[in-house]
Amino acid sequence: MKNRKFLKKYNETYSPLKVLSGSIHKYFSGGGKPLMRLAAFGSDRSVSPGNSKLRILIFTLIFLLVSFRVVAPGNNTLTLFESPGIQPFSALMYATAMVETMGNPMMYNELENAVGIFQIRQVRVDEYNRRTGSNYSLTDMFDVKLSEKIFLYFASLFKSHDLERIAKAWNGSGPLTELYWKRIKEYL
């Protein structure tokens, strides 16, 4: 019980908030000479209490206005982001790359003479060149962007977005395309 009285007395007597608010009240009520001298802007004249409050207010407002101007300017630029567009075959391209080469763009299949991330053969490159008027070679298919371009060209020949038909046509024909489609579906 004795400790509580001591703490209560200590809190009432030495409250920093009360001391601070008392000091602020003292300065603004006209009894704070150091602040009034500062607000007089270096003049040696005696200042009446009414003018000192006005000068303190003006000084505070100027200080606040100056501190607001120090803030960094806003960004007045317009930023436009290019949309990647709709990529309906991106999942199929990923699955095909994983089945064909596990995503390795430098893969070469000596048995089939297939190159690149999608294992493109010379027949496919020749067909693409004939249809588009391009002049790509088989070694150009090590470039992932060119391989994607050729893959997307042949995928877009199908009017529907039937991924199964596109994947089977990419692989070839025959009964092995069923196994190929099952492997593709694992990555879709």
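Strand 1 and strand 2 (residues 114-115) run antiparallel and are joined by two bridges. Strands here are DSSP runs (E, at least two residues) and helices are too (H or I, at least four), numbered from the N terminus. Two strands count as paired if DSSP finds at least two bridges between them. Within this pairing, Tyr 108 has Val 115 in strand 2 as its bridge partner.

This is a predicted model, where local features need pLDDT of at least 70, side-chain atom pairs count only at pLDDT 80 or more, and totals for chains, interfaces and linings use all residues. Residues are numbered from 1 along each chain as its sequence is written, and side-chain values use heavy atoms, with hydrogens and water left out.

The three strands make an open sheet in the order 1-2-3, with antiparallel pairing.

Taken as a whole, the protein has nine helices and three strands, and the pattern along the sequence reads α-α-α-α-α-β-β-β-α-α-α-α.

Now to one of the helices. Ile 58 sits in helix 4, which covers residues 49-69. Across the protein, buried residues account for 22% of the 188 residues.

Technical notes
Buried < 20%, exposed > 50% of the residue type's maximum accessible area, 1.4 Å probe, protein only.
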